[in-house]
Each structure stands twice: as structure tokens, then as C-alpha cells.
Amino acid sequence: MKIGFSIPQIGAHAPAAARIPEFAAAMEHAGADSLWVGDRLLAAVDPRIGYAGTDTIPPEFNQVLDPFLALALAAAATERVRLGANVLIAPLYPPAILARALTTLDVASAGRLIPGFGIGWSPEEYAAAGVPFTKRGARLEQTLDALEAIWTTDPAEYTGSLVSVPRHRAELRPIQQPRPPIHLAGFTPVAMERIGRRGDGWLPVVPVPGPPEWGVHLRALRDIVDRVAETAGRDPAAIETIVRVNVRAGTSLDQVAAAVRRTVDQSGFVDFFIDLTYVSPSMDGALTDAHRLLDLLA
């Protein structure tokens, strides 16, 4: 089993940004496999759409660190752990800017980057970025096409109905060739089809506490990905699954470990990372809790 953790980036952890290198180095030394960031642009005061099916935004989202800079801090302090994003809201970024940031991270980390993408859910974040909230899925598809062009051709260019990149020189290449592995989040039929058709990995979520048969549900969704991949002439075994464990406030670490083991048994997935945002009150608490979980899941 592989176990990773979210980089302390959100809520009470954010003011301790200077300690991200310390956290990353400690996790690598303790045997963690991966470190991850999320992507929140702002926390709307009067949101049209709330978080996770609610009509509000968690107060933790009032303090959020930049995901690219947080990954860079972790990359500089580590040599082995994979560095992932779950997820970057890809349509918020012009493809050329996104490609430059991700190429920089992959080069700086000697090829350890796992870029994960999604379409987000906040109309206010799209408004703040100056991007229409409609056609998010199509904008994601075209952004992926543009990244492919930038990372695999030189000169590179891309022209789509929603995003474009002028013809330009693209000599700096990611360490991972032909490009970093694109991982995609989602649970809807459209999202599962997209993952099977073009994703290098799927990023599902396990809520803790959550439904006791959640791993069975994830396995069924993964079967959809596999069928789509086979229809598209792709090898399903080449598509990773990395499971995010979302832990609610007040949950014990024993409950977290039990949920991970249950998900392994039900789904067969063996690659996880645990988000301690809501259960670890400080950077010191995140360090203590992460070490404890590595012991529990050893």
C-alpha cells in the first residue's frame, strides 16, 4: 500500500507556509509515498453554489496557499516522494501559463510531478479568473489538447474554440516524457468517459466517515473507466487510481486507518493520500497525525 498526505495548505495550516519544506522532508523521511495540493482561488461570501452539495463554503477556505508555490516548496525539500495536485481547476488557467508552471515543477522535482485536473464547482472562482462558468468540460478538453501540443511539439501551437496558444518555441521539456501523467477527477458519466478515453489516472475520493460500501461503489466506477479505455484501444492497466481520503472534523485516526483498509479490501486500490485539513489543528498536529497514520497503516 502507498500512503501520502496533503501538504498543509488550507485553513489553520496556511499561515505556517514557511514550514512546508519541514513537513515535506519529514514525510519523505518517514516513508510517505506522495504529497499533494488542492486549488482554491477564493471563498465567496454569498456563493451561488456551495461546497460538496451544501449552500456554504467551509471557513477553512478563507485561508489558502497557492498550489504551485506550495508544490515548489515541497519539491525543494525532497528527492523521492511524488508531488501531486488533486486537483488544479484547469479551465481557470490559460494553457501556456499552466504549461510553464507545470514544466517548471517537473524539471525542478526531477520528474516527480502528478498533475491532476478537474473543472471545479464555484461560479465565483470562474468570475474572478475572468472565465465563463459554462462549457467547463469542453474548456478542460481543449486545455488538455493545448498542453499536449506544448509538451510534445516545437514550435508548438493550438487553436480551439475556447482556448488558443499562438505558434511559439517550446524547447524546455518536462523530465517525464512525452509529458507528465495527466490524472483526472470526477464521478459523473461524462467524467468517467473522459478518464477512460484520455486520462493517465483517476482521482476518486473516499469520505471518512462515509458509506461502509463506498469502496464497492468506486470499484464499479473504475470498471466503467476500464471499459471505455478498452473501447478506445487503450490498456486499462496503464491508468492509475490514486484515492484521496477526505477526513471530516472530529474523526479519529483509527477510523481513518480502518476506512483505508476497508477501501483496499472492497476496491483493490492500493494508492492513497490523506487530507488532514479538518482534523489537524496546526502544522505540528499535522506532522504528529501523519506519522501516526503511517504507523497504523504500515
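Mentor: Start with the crossing of α5 and α6: it is right-handed. This is a predicted model. Ask about that pair.

Trainee: Which residues make the contact between α5 and α6?

Mentor: Helix α5 covers residues 136-152 and helix α6 covers residues 189-198. From α5 come G137, L140, E141, L144 and D145. From α6 come R194, R197 and R198.

Trainee: How are α5 and α6 oriented to each other?

Mentor: Their axes are 12 Å apart, and the packing angle is about 15 degrees. Angles under 35 degrees count as roughly parallel. So α5 and α6 are roughly parallel.

Trainee: R194 is found in helix α6. Is R194 buried or exposed?

Mentor: Look at the contacts first, leaving out residues up to four places away in sequence. R194 touches G137, L140, E141, L184 and G199. Its relative accessibility is 10%. Buried means under 20%, so R194 counts as buried.

Trainee: What about R179: buried or exposed?

Mentor: R179 sits in the loop between β8 (164-168) and β9 (183-185). Neighbours within four places in sequence aside, R179 is in contact with E148, W151 and D200. Its relative accessible area is 18%. The cut-off for buried is under 20%, so R179 is buried.

Trainee: How many Å separate the C-alpha atoms of R179 and D106?

Mentor: Along the chain, R179 and D106 are 73 residues apart.

Trainee: Which residue in β2 is the bridge partner of F5?

Mentor: Strand β1 (residues 2-6) runs parallel to β2. Two bridges join these strands. In β2, F5 has as its bridge partner L35.

Trainee: Which residues of β2 are buried on its two faces?

Mentor: In a regular strand the side chains alternate between the two faces of the sheet. Strand β2 (residues 34-37) is covered on both faces. One side has the buried S34 and W36, and the other has the buried L35 and V37.

Trainee: How many nonpolar residues are in the contact of α1 with α9?

Mentor: Helix α1 (residues 20-30) packs on helix α9 (residues 283-296) at about 10 degrees, with axes 11 Å apart. From α1 come I20, E22, F23, A26, M27 and A30; from α9, M283, A286, L287, A290, H291 and L294. One residue is polar and one is charged. The nonpolar count is 10.

Trainee: Helix α9 also meets α8. Is α8 roughly parallel or oblique to α9?

Mentor: The axes of α8 (residues 253-267) and α9 come within 10 Å and cross at roughly 45 degrees. Roughly parallel needs an angle under 35 degrees. That makes α8, relative to α9, oblique.

Trainee: How many charged residues are in that contact of α8 with α9?

Mentor: L253, D254, V256, A257 and R261 in α8 meet D289, R292, L293 and L296 in α9. Five of these residues are nonpolar, and no polar residue takes part. The charged residues number four.

Technical notes
Residues are numbered from 1 along each chain as its sequence is written. This is a predicted model: local features need pLDDT of at least 70, side-chain atom pairs count only at pLDDT 80 or more; totals for chains, interfaces and linings use all residues. Side-chain values use heavy atoms; hydrogens and water are left out. Axes are lines fitted to C-alpha atoms, for helices over the stretch in contact, and angles run from 0 to 180 degrees between N-to-C directions. Helices (H or I, at least four residues) and strands (E, at least two) are DSSP runs, numbered from the N terminus. Angles under 35 degrees count as roughly parallel, over 145 as roughly antiparallel, 65 to 115 as roughly perpendicular and the rest as oblique. A crossing is left-handed if the near helix is turned anticlockwise from the far one by less than a right angle, and right-handed if clockwise. Contact means heavy atoms within 4.5 Å. Ala, Val, Leu, Ile, Met, Phe, Trp, Tyr, Cys and Pro count as nonpolar, Asp, Glu, Lys and Arg as charged, and the others, Gly among them, as polar. Buried means under 20% relative accessible area, exposed over 50%, partly exposed in between (1.4 Å probe, protein chains only). Two strands pair if DSSP finds at least two bridges between them.
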